[in-house]
Amino acid sequence: MLESLAPGAGELLQIFDRSAAALTAAVSATTAFSATTAFTVQPLEVTPSVATPSPLVTTTPQAPTAVTPNRLELPERPGVPGQAPDGSVTSPSATTSGLFAPIDNWQLSDWVGAGAFLLVVALLTAIAVMSLMSKLNAWRTVGQLQKIGFSTVVQPTAHSFTLMVPAQGAGAAFSHTLTGLANQQHPRYDVVAIVADNDAETLAAARLAVERNPGIISVIVHRGALDRSAALNLALESATGEVIGIFGQSSIVHPRLVQLVDSRLTETGADLVQAGSQRTNIGANWWSLHSVLDDYFWHRSQLPSLVQSRTLALGENAVFVRREWLDFTGGWTASGESTDGGIGAALSAAGAQVTAVYSPETVTRERSADGLRDCIRDRLVFNRTLIRLIRDCGARRMGTVRSRVEALRLLILALIHPVAGVFIPALAIGSLVLRLPTIVVLLTLIPLVPVVISGVVKLAALAEFGALFDQKIRLRDYARLIFGAFPYQLLLLACLIDPGESVAESSRLANGVMAGEGGPRAKRVLRGADTSIDSDSRTLPPAAFGALEARPGGTK
């Protein structure tokens, strides 16, 4: 077999040898051509169409510095505790003291100040809450509202009445007041008007009313100016009724009022009756709306509560007093308080039975003060009446100790409630502006709760007032009630400052009656169409409450 393969292997070796020789010759030829020919290859240059981005440059991170705890070295911004000029907050423990400091750092003086602050907040809260409760007393139950109104069953006529109206500067409207009084649905009454002879317009209106209602109205004309107390004493001398009623010169009186008061006297055996009197001109000026609502709450809710403690702060309108008690006190005296308020305080201290009644259907309507000065005058007179009653609460004849304490509470509340109305919002706003600690802010916001509720109650009362007295309440009235609340409380707070002599003088000007110097007076009595003059010169004797030692029915 090897012998058969040998010829083929020999041929392959020959082919390999020839190929190797040809390759060697080709390499030698190529080497020789390269050596004899200069050949260079140029590189291809390519221009980029887009600029090549530069490499990113990053800074080398700095080594961390030591951190100052809470930036204690920053100075505080003037006027803002705990705050730096750049707005950052500094450490309270290092930059504040007192109430601004943490409780752990408080000193004895800080605790004393905090205690006094809490006491003030608690006192203001108590005043606001009790004032709110006194306003809502009449609405506690349906029976309470019915209790302060006139009875639906009218008792038979049992008393005679003399209705007295002092007037000065009333003008032609005075005729309507006298005509309303002359149209009472009662068989036994008469009307006495007291007018100065130098007030021609008011005197002409009174004369017209006398001509329209002969035999019912009589007019006492006095020479010169006369204060309200002296005018009422002058009319009292010629009064014939068993019960004396006093009205304002601009009163609008319900025709059944005297009949209902007669029935009330029979039912209760009262000696003094304060019938409902309500100011109704809510749109006169910005303070009249608040004055009207104060009058509404006072006569409908607060005054009946005061009567339950056998104390009565009489107004100057729709007041009824038994004649024997006026004889007992000697009549009216000129004083710093309301003339009728002085009578109420004196008779309450002497043990007279008092009552108050308020019925929206039969309430006596009157106008609120026209000017701001008149509003301040009325409030000053009212405050002095309250002070007189507070002073007399210590008298032995004003009921039990419990009733005196209750009367004292109600009277003081009526006097000082503007303090809470001013200082509670001021404290809340001040705590927010000064950025006091959270706990202090929360404490100052607590008294705002009864204040806000009282504002809501007034809004509801305004709507009720409009429905009861046919007054159209507009959106602007609600706005005046809200935005005028704080200025009105400031006004009432200012009225707590008693100027003394000027208040006594203002009370003589109450209800439009000009002040006089006293002394002889000439009285002319006009009855019906008779214009004859009944002249007599007299000096009105001063009445002294302190000199009276006997009650009606006894010996003076």
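This is a predicted model: local features need pLDDT of at least 70, side-chain atom pairs count only at pLDDT 80 or more; totals for chains, interfaces and linings use all residues.
Colleague: How many helices and strands does the protein chain have?
Modeller: The protein chain runs to 556 residues, and 46% of them count as buried. Its count of helices and strands is 18 and 11.

Colleague: Where is S359 found, and is S359 buried or exposed?
Modeller: S359 sits in the loop between β8 (354-356) and β9 (364-366). Its relative accessible area is 13%. The cut-off for buried is under 20%, so S359 counts as buried.

Colleague: How many residues of strand β2 are buried?
Modeller: Strand β2 covers residues 189-196. On one side Y189, V191, A193 and V195 are buried, and on the other D190, V192, I194 and A196 are buried too. Both faces are covered, and the count for the strand is 8 of 8.

Colleague: Which residue stands opposite V192 in β2?
Modeller: Strand β1 (residues 161-167) pairs with β2 in the parallel sense, over 7 bridges. V192 is one of the buried residues of β2. The residue opposite V192 is M164.

Colleague: How much space lies in the second largest pocket?
Modeller: The pocket has 22 lining residues, and those closest to its centre are V451, S454, G455, K458 and A485. By class, the lining has 13 nonpolar, 7 polar and 2 charged residues. The space in this second largest pocket is about 540 Å³.

Colleague: Which helix gives the most to the lining of the second largest pocket?
Modeller: Helices that each supply at least two lining residues are α3 (108-135), α13 (401-433), α15 (448-468), α16 (475-483) and α17 (485-494). With 7 residues, the one that gives the most is α15.

Colleague: How much space lies in the largest cavity?
Modeller: The structure holds 3 cavities of 30 Å³ or more. The space in the largest cavity is about 60 Å³.

Colleague: How many charged residues does the lining of the largest cavity have?
Modeller: The largest cavity is lined by S134, W298, Q302, L306, L410, L413 and A414. Both α9 (288-307) and α13 supply at least two of its lining residues. By class, 5 are nonpolar and 2 are polar, and the number of charged residues is none.

Colleague: Leaving aside neighbours within four places in sequence, which residues is S131 in contact with?
Modeller: S131 lies in helix α3. S131 is buried, with a relative accessible area of 10%. L413, one of the residues that line the largest cavity, is in contact with S131. Leaving aside neighbours within four places in sequence, the contacts of S131 are L413 and H417.

Methods:
Residues are numbered from 1 along each chain as its sequence is written. Side-chain values use heavy atoms; hydrogens and water are left out. On a 1 Å grid over the protein atoms alone, a cavity is a set of points where a 1.4 Å probe fits but cannot get out, and a pocket is an open set with protein on both sides within 12 Å along at least five of seven lines; lining residues have an atom within 4 Å of a point. Grid points are joined across faces, edges and corners, and a volume is the space filled by probe spheres set on the points. Helices (H or I, at least four residues) and strands (E, at least two) are DSSP runs, numbered from the N terminus. Ala, Val, Leu, Ile, Met, Phe, Trp, Tyr, Cys and Pro count as nonpolar, Asp, Glu, Lys and Arg as charged, and the others, Gly among them, as polar. Buried means under 20% relative accessible area, exposed over 50%, partly exposed in between (1.4 Å probe, protein chains only). Two strands pair if DSSP finds at least two bridges between them. Contact means heavy atoms within 4.5 Å.
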